[in-house]
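Colleague: I would like to learn how to read a new fold model feature by feature. Could you walk me through this one?

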Amino acid sequence: MKQLIYPLFCSLLALQLAACGGSDDLDVPPKAVLTPDQVSTVANIDALVIAAYSYLGNDHYTAPNFLWPTGNLRAGDAHKGGNGPSDIFAYHALSMFEPIVPEMESFPPDLIDLNDKKWTRNYTGISRANEVLRVIANADSAVRDTLQQKVAEARFVRALFYFDLKIHHKWMPWIDETLSQEQILTTSNRDLTDQQLWDKIADDFRFAVNNLPDVQKDVGRASALSAKALLAKTLLYQAYEQDEQHNVIAINTDKLNEVVRLVTEVEQSNVYNLYDDYAKNFLVEYENGVESVFAIQRSLNDGSPDGRGSWASALNAPQSGGFGCCGFHVPTENFVNAFKTGADGLPLFDTGNNAIYNKDTDAVDPRLDHTVAMQGKPFKYDANLIHGGDSWSRAPAIYGNYTGMKDLEHPDCDCRGENGPFPIFSLNTVMVRFSDVLLWKAEALIELDRMNEAVPIINRLRQRAAASTARLNNASIYRIGQYSAFNSKDEARQALRWERRLELGLEGHRFFDLVRWGVAKESLDQYFLIEKGRKPYLQSAHFTKNKHEYLPIPNLQINLSGGLYVQNPGY
């Protein structure tokens with residue numbers, strides 16, 4: 001999958017443009033036309049499938065599929081960074097919450113509605129998947145009967161894009177390959193309920209589970225096991241049933257039991273495992289290894305104009321250290337403090353955030369130094385590349401000078417490319433790690449009152465973290481312990497939720513976890529209470545319950561629908 005079939009993809013792109021609409025300026029005679037028979041060959045249909053996959057990696061920092069702006073900036077784990085609030089103001093608005101509006105291009109000097117752009121790109125990806133399904137449906141029966149795996153891959157990719165829309169906007173129009181253009185124009189984002197939309201996403205993943213092999217020959221393609229994992233994730237989110245105002249009103253135990261069953265089946269396949277060293281998840285030489293359940297395949301020099309590198313992270317490298325740009329995605333003190341541990345090696349749940357972390361006196365979970373680079377410590381395991389503090393930051397007085405490392409590679413890596421000042425890498429964006437899958441099971445077990453079964457799952461990750469210090473150059477005081485038992489459901493929940501923050505820190509999951517659990521307001525209020533004193537730019541930040549759990553439906557989309565789409569509560 002690293003080598004995309006780019007020339008054929010360009011030939012087939014006209015199929016996608018027809019599905020996306022366009023201006024009269026595009027109404028020109030085509031230079032060449034592919035007949036239905038030509039498109040409907042097995043090879044060309046597979047090229048269409050590859051084009052659907054490729055759109056996952058065709059993202060950009062203005063519409064990333066690595067969800068650092070919406071998953072980390074809104075969770076208290078990262079500041080926007082850059083050169084101050086006006087530097088991509090729309091992402092500043094995400095951190096502040098109250099400035100978020102349905103028409104975000106109105107922010108000076110932002111000229112692009114980043115919220116609408118992400119929505120549009122998701123539906124472009126959905127359009128590509130739907131086009132695969134239409135072509136197969138119209139193919140000769142002799143061809144069609146051999147293509148169930150291609151149908152399954154297309155539905156898997158479509159479900160990924162719909163899942164992204166779901167966690168960002170809650171309600172969206174469900175458009176599949178069966179709808180005519182006329183039907184699409186009369187489809188509303190409220191035709192299906194919240195639960196029915198989850199059912200649709202789950203149905204696509206279920207089809208993939210039942211029609212794909214457990215292991216694919218080509219790296220990067222969906223398999224039955226990766227689909228099973230994403231089905232488990234979908235059901236976990238769906239299990240936390242919400243009312244119209246986004247309050248969690250019930251937890252569906254049937255869905256939680258299915259999550260446990262699905263994850264157990266993934267475990268028992270013995271296809272996936274934890275790396276022996278946590279570091280290997282974030283180094284290019286180990287990508288597509290045993291812990292990567294499904295990843296966006298990043299690539300450079302692949303025949304496309306700019307490569308399918310990590311454009312989603314193109315702003316996130318520090319200003320110095322051999323990078324050049326642009327100092328975004330700055331970890332918060334609150335996030336760093338979460339890694340502090342006590343004499344027993346367990347998190348300081350209640351007191352860790354009382355003072356800013358001091359590397360000379362505070363013991364920490366080793367995962368801190370895999371996740372955050374800071375003054376005086378090596379960057380990306382290189383003892384000769386020491387983080388320079390303020391000199392590595394564009395606006396240290398506003399955001400501090402920490403650097404998130406997981407989505408970056410060493411500046412001398414062969415996997416590095418550049419476009420002007422922007423460094424990009426061919427390092428994959430892992431959408432699902434096996435450790436994440438294990439934590440879904442632990443979470444479901446806790447909510448099913450089977451807390452003791454969750455203890456060894458959480459401890460397994462902590463044991464791996466304790467064994468992951470060889471590359472860290474003794475940069476910190478490391479102390480990490482195990483849980484013996486949980487005395488209550490509340491205690492188990494706290495441990496599980498904290499573990500997710502440490503294990504998956506800065507990987508784009510945190511805000512969506514908070515919304516799923518129904519604790520976003522509580523968590524953000526606690527964050528702002530102290531962080532506003534540390535970072536004055538946050539003074540007017542405020543999370544409004546029953547509103548900010550989701551982004552607004554883009555105003556442009558409501559206008560294009562003729563008012564058919566319904567705006568989310570509070571906007």
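Modeller: Happy to; we will go from the overall shape to single side chains.

This is a predicted model, where local features need pLDDT of at least 70, side-chain atom pairs count only at pLDDT 80 or more, and totals for chains, interfaces and linings use all residues. Residues are numbered from 1 along each chain as its sequence is written, and side-chain values use heavy atoms, with hydrogens and water left out.

Colleague: What is the secondary structure content, and how compact is the chain?

Modeller: Helices (H or I, at least four residues) and strands (E, at least two) are DSSP runs, numbered from the N terminus. Here the chain has 21 helices and 14 strands. The radius of gyration is taken over C-alpha atoms, and the globule rule is 2.2 Å times the number of residues to the power 0.38. For 571 residues that rule gives 25 Å and the chain has 23 Å, which is close, so the chain is as compact as a globular protein of that length. Its C-alpha atoms fill a box of roughly 70 × 50 × 45 Å along the principal axes.

Colleague: What share of the residues is buried, and what share of the contacts is between residues 24 or more positions apart?

Modeller: Buried means under 20% relative accessible area, exposed over 50%, and partly exposed in between (1.4 Å probe, protein chains only). In this chain, 62% of the 571 residues count as buried. Contact means heavy atoms within 4.5 Å. Among contacts with a separation of 6 or more, 72% are between residues 24 or more positions apart.

Colleague: Which residues touch the most other members of the largest nonpolar core?

Modeller: In soluble globular proteins, nonpolar side chains tend to be buried together. A nonpolar core is a set of buried Ala, Val, Leu, Ile, Met, Phe, Trp, Tyr and Cys residues joined through side-chain atoms within 4.5 Å. The largest one holds 151 residues, and Phe156, Tyr162 and Ile201 touch the most other members. Helix α8 (residues 148–169) supplies the largest share of this core, twelve residues. Leaving out residues up to four places away in sequence, Tyr162 touches Tyr123, Ile126, Met172, Pro173, Trp174, Ile175 and Ile201. There is also a second, separate core of 13 residues, with Met405, Cys413, Cys415 and Phe425 among them.

Colleague: How many residues lie between the strands of the β11 and β12 hairpin?

Modeller: Two strands pair if DSSP finds at least two bridges between them. β11 (residues 416–419) and β12 (residues 422–425) pair in the antiparallel sense over four bridges, and Glu418 has Pro423 as its bridge partner. Two residues lie between these strands, and Gly420 in the turn has a positive phi of about 65°. In another hairpin, β2 and β3 have five residues between them, with His246 in the turn at a positive phi of about 75°.

Colleague: Is Arg298 buried or exposed?

Modeller: Arg298 counts as buried because its relative accessibility is 0%. A polar contact is a pair of N or O atoms within 3.5 Å; within protein, one must be able to donate a hydrogen and the other to accept it, and residues adjacent in sequence count only if both atoms are side-chain atoms. The side chain of Arg298 reaches the backbone oxygen of Gly57 at 3.4 Å, and a polar contact of 3.0 Å joins it to the side chain of Thr429.
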